Amino acid sequence: MNKRKVNISELAAMVDGEWRGEDVAVDGLADLAGAGAGQLAYIDDIRKMTAAAECSASALIVPLDAGQLSLPVIKVSDPAWAATVIHHHLLHQDFVDAGIDPKAVVGEGCSIAGAVAVAPLVVIGDRVELGHRVEIRAGVVIGADVKIGSDVLLHPNVTILDGSVIGDRVIIHSGAVVGSDGFGYAHDRAGRHLKKPHVGYVQVDDDVEIGANVCVDRGTFGRTWIKRGTKIDNLVQIAHNVEIGEDSIIVSQSGIAGSTTLGNGVIMGGKVAVNGHLKIGNRVTMAGKAGVMNDQEDGAVVAGFPAFSHRKWLRAAALFQKLPDLAKEVRELRKKLQELSEKKSADK
Amino acid sequence: MNKRKVNISELAAMVDGEWRGEDVAVDGLADLAGAGAGQLAYIDDIRKMTAAAECSASALIVPLDAGQLSLPVIKVSDPAWAATVIHHHLLHQDFVDAGIDPKAVVGEGCSIAGAVAVAPLVVIGDRVELGHRVEIRAGVVIGADVKIGSDVLLHPNVTILDGSVIGDRVIIHSGAVVGSDGFGYAHDRAGRHLKKPHVGYVQVDDDVEIGANVCVDRGTFGRTWIKRGTKIDNLVQIAHNVEIGEDSIIVSQSGIAGSTTLGNGVIMGGKVAVNGHLKIGNRVTMAGKAGVMNDQEDGAVVAGFPAFSHRKWLRAAALFQKLPDLAKEVRELRKKLQELSEKKSADK
Amino acid sequence: MNKRKVNISELAAMVDGEWRGEDVAVDGLADLAGAGAGQLAYIDDIRKMTAAAECSASALIVPLDAGQLSLPVIKVSDPAWAATVIHHHLLHQDFVDAGIDPKAVVGEGCSIAGAVAVAPLVVIGDRVELGHRVEIRAGVVIGADVKIGSDVLLHPNVTILDGSVIGDRVIIHSGAVVGSDGFGYAHDRAGRHLKKPHVGYVQVDDDVEIGANVCVDRGTFGRTWIKRGTKIDNLVQIAHNVEIGEDSIIVSQSGIAGSTTLGNGVIMGGKVAVNGHLKIGNRVTMAGKAGVMNDQEDGAVVAGFPAFSHRKWLRAAALFQKLPDLAKEVRELRKKLQELSEKKSADK
């Protein structure tokens, strides 16, 4: 991989920052401890200035309120964001039109818009549409009638099942499954489960990222829908007909049951469970391990199981640990009350 | 896919229903909102009659107590079940004997009973037996000495490891792993873990469905056994030597630890954990997120962690939220009791 | 598979045991119920002596304090450990240098130290290094610049992404993903998430075992590091930059958030969640379903959420079930106190 060297003056301009010191060129970005000569690092808090002063980076991205350093700096209002933009710029590689490897298997009637890089041992079904600059790594299996946008990256061993619709700039990590059947059964009189056919599909909009070994079930009818900009961590379960709004964050091992709708800007911590057929509003935050059993209004912050106000949960959870003390106190109160009551009777 | 058009009189006869209105032909089934001309929809509750009256379906499956509609209807005692039976009938395609794709790899000594459809880039080990009408999609890997029954569907990128026994009409979804080693170690004096060999196997009986990215570990010795008709949702963990009875339902992200036995008709909600070496009776229901630490009698309904009676859990969980109020009340009682006690002393 | 027959005198010598009775030869080991002629079984507790006396094994491994049996025995201080050592010996097969299957795809510049067994439909990237006796089963995808030690076993459909470093005697089960991107984003002013590039890697040290469908994310910068002898069960999530010490045990469906460090000999029960940026000491035990939100000192034993002392948690959890009783008692105390208080006033 050829690294590009870029002057900090140029990088500062990209992020509306100001540069100070020598206009050095850098070709990479690392964390404060790991950055060496020729690399940028960043601090997002001036409490890290001491560590910053001792680092081996060639230049630093710092907050606007940072004091003077002997190193060249780029001053910005949001160092984490600026570092990310700059890092992407430094890592950027032009897409290599590797085409379709002869050891990949492509079905009939497929439509490929432009440059693609399809690795060996990829299987693409019939009537699949691929946009521009799609990279499909080894072991990926794509079913029939799948539509994939441009600038999409499918990591190794991803499975995209029939009829899925994938937007632009989507990244899907290894082992993820998009479009498996939902978990729905009718039951006969003997209590046997009869599988409901799942004839719906999955729609994944632009700029979504789906983590490793995530499962997204197709709609029973209609679609399961993950909207623009939402990011999903590893091992998450998205059931049939779920809708997830834009710019949401779903942390690892969470699960959303069937037909639940999430708004925009929702945050689910790790291992959260959301029951089926709920309506979760915009900008709702669900703390890690929450079990959400009810609809949630816009902006709600909930925790616990069944989930309720996070603020109240913190107090309740603190008292849970002290339940033995509370129980002891109640026993003592009872005893004292008994004594007082008896003394009173004796007084008469 | 060629669609079949079937008259509702014929469909009604399949599900012991009665039809009313014009004997229209339909070629598909959808939900009430999505069904269009030429399609059936269904309602399972007469409270949906208003919506039903406005739908665009060509005919409806309705409960016996449904009033009159302008649309042709099929009246049945269980619309969800009838709709599922009819939907399968409408979707039915004869199995296409596609054979074994030349880009699949098949080991030595395999036995294939009849028509199969083995996709490219499937790997089948030595001495594997396949029944009739087995469909194995791309990227599936089957180990040695695996037996697979008839009418089985293995979705892409499934892994079935050596010695597994799979019954008839089993469906396994993408990314599922059947037959991985159990998690068992001996420990030496230095605290190092020495892997126990896992020489058992997995047996999956008829009509079982296994979700995407599920893990079913093989027995340490003997078998891990999933019995007839049990349905397992995505991302579930089934440890070594677990036995799951017939017609059970295990919702997503649940886990069952080693050597636990579940009866027939058990229901596990999402994210349930069941400890190892337990005996869970028939028709036990474990609510979502339960952590089951003890044996459960037939018909038990449990929740919470450690799991206890669901009915009692509902009350305890409601009180958990009010712990701050309870603690406050105890403080006030103590104070009042103190005052009363002091007043009493002062009175003397 | 040819079975080897070994005399119990020889096996006893391997595990510092003493043998009694006839010096029979065995070729396998099974559990007490399943062992037949020609096989060993073991009991780890003399309470199982009655069952042992009735078993069909040809010989038994028993604790030192076991009484006399009619069967030949090997007496050892730790039967579970001895049985495991002996079982490995009986199962041992010399590595077969099957080489690289012509249907595997190997990149450029790879370095292979010695005998390997690479199955069909494996894809190995550029500049990969393999040690001695590496077995890579079908469907495995290995990225570029990966280093793999000796005596490593990669089960079918494992994914190892670019730059990962795998030690000796590592076992990775099907569907596991090593080296996926961490879940980290910067946020712009509009609340949109901008993916942080993940340029770190994963290091897996000697004797580690990684379960099926586990996810191990690469470091954002630097490494995610799993140290020697640690064993990880199925469906576990290891986030970016996590460090796990030696000889630790992580049970199924647990998750560790980013940048957390675990010491040596840590035990995580099933479904445990550990928050990010924590320091978990040596020999910490986290009970199943715990949610760990704080640093933990060496040897701590914690449970619950937020996790605290396991001993205290047991008492608190028992009281949780009795919350309705406690609340009732408080109501009664309030009533009695009220009566007493009123009576007192009336007395005046």
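## Terms and model

Helices (H or I, at least four residues) and strands (E, at least two) are DSSP runs, numbered from the N terminus. By that numbering, A:P306 is found in the loop between β39 (301-303) and β40 (308-309) of chain A.

This is a predicted model, in which local features need pLDDT of at least 70, side-chain atom pairs count only at pLDDT 80 or more, and totals for chains, interfaces and linings use all residues. Residues are numbered from 1 along each chain as its sequence is written, while chains are lettered from A and ligands numbered from 1 in the order in which they are written.

## How the chains are related

Two copies of a chain are related by a rotation about an axis and a shift along it. Copies are superposed here by least squares on the C-alpha atoms of residues with pLDDT of at least 70 in both. Chain C is superposed on chain A by a rotation of 120° with 0.0 Å of shift along its axis, and the RMSD is 0.1 Å. That is the relation of a three-fold axis. For chain B on chain A, the rotation is 120°, the shift along its axis 0.0 Å and the RMSD 0.1 Å.

## Contact between chains C and A

Two residues are in contact if their C-beta atoms, placed from the backbone, lie within 7 Å. The contact of these two chains takes 51 residues from chain C and 52 residues from chain A. On the side of chain C that touches chain A, the elements giving two or more residues are β21 (177-180), β22 (185-187), β23 (193-195), α4 (310-321) and α5 (323-347) of chain C. The largest share of this side, seven residues, comes from α5(C).

For the classes, Ala, Val, Leu, Ile, Met, Phe, Trp, Tyr, Cys and Pro count as nonpolar, Asp, Glu, Lys and Arg as charged, and the others, Gly among them, as polar. The side of chain C that touches chain A has 28 nonpolar, 14 polar and nine charged residues.

## Contact between chains B and A

Here 53 residues of chain B are in contact with 51 residues of chain A. Two or more residues of the side of chain B that touches chain A come from each of α3 (79-91), α4 (310-321) and α5 (323-347) of chain B. α5(B) gives the largest share of that side, 10 residues. By class, the side of chain B that touches chain A has 22 nonpolar, 21 polar and 10 charged residues.

## Sheets

Two strands pair if DSSP finds at least two bridges between them. In chain C, nine strands form an open sheet in the order β10-β13-β16-β19-β24-β27-β30-β33-β36, with parallel pairing. Its edge strands, β10 (111-112) and β36 (279-280) of chain C, each pair on one side only. β10(C) pairs in the parallel sense with β13 (residues 129-130) of chain C over two bridges. In this pair, C:I112 stands opposite C:L130 in β13(C).

An open sheet of five strands in chain B has the order β2-β7-β6-β5-β4 and mixed pairing. At its edges stand β2 (18-20) and β4 (28-29) of chain B, each with a single partner strand, so one side of each is left without a neighbour in the sheet. Strands β5 (residues 39-42) and β6 (residues 59-63) of chain B run parallel and are joined by three bridges. B:A41 stands opposite B:L60 in β6(B).

## Helix α3 of chain A

Helix α3 (residues 79-91) of chain A has 13 residues and reaches 18 Å from its first C-alpha to its last, close to the 18 Å expected at 1.5 Å a residue. The expected span of a helix is 1.5 Å times one less than its number of residues.

A residue is buried if 20 or more other C-beta atoms lie within 10 Å of its own, exposed if 12 or fewer, and partly exposed in between, with C-beta atoms placed from the backbone. α3(A) is mostly covered, as 10 of its 13 residues are buried. Among them are A:P79, A:W81, A:I86, A:H87 and A:L90.

## Backbone exceptions

Most residues other than glycine have a negative phi, and most peptide bonds are trans. A cis peptide bond joins A:F305 and A:P306, with omega about -10°. In chain B, a cis peptide bond joins B:F305 and B:P306, with omega about -5°. B:P306 lies in the loop between β39 (301-303) and β40 (308-309) of chain B.

C:L121, in the loop between β11 (116-118) and β12 (123-124) of chain C, has a positive phi, near 60°. This residue counts as buried, with 30 C-beta neighbours inside 10 Å. Phi of C:N157 is also positive, near 65°. C:N157 lies in the loop between β17 (153-154) and β18 (159-160) of chain C and is buried, with 32 other C-beta atoms within 10 Å.
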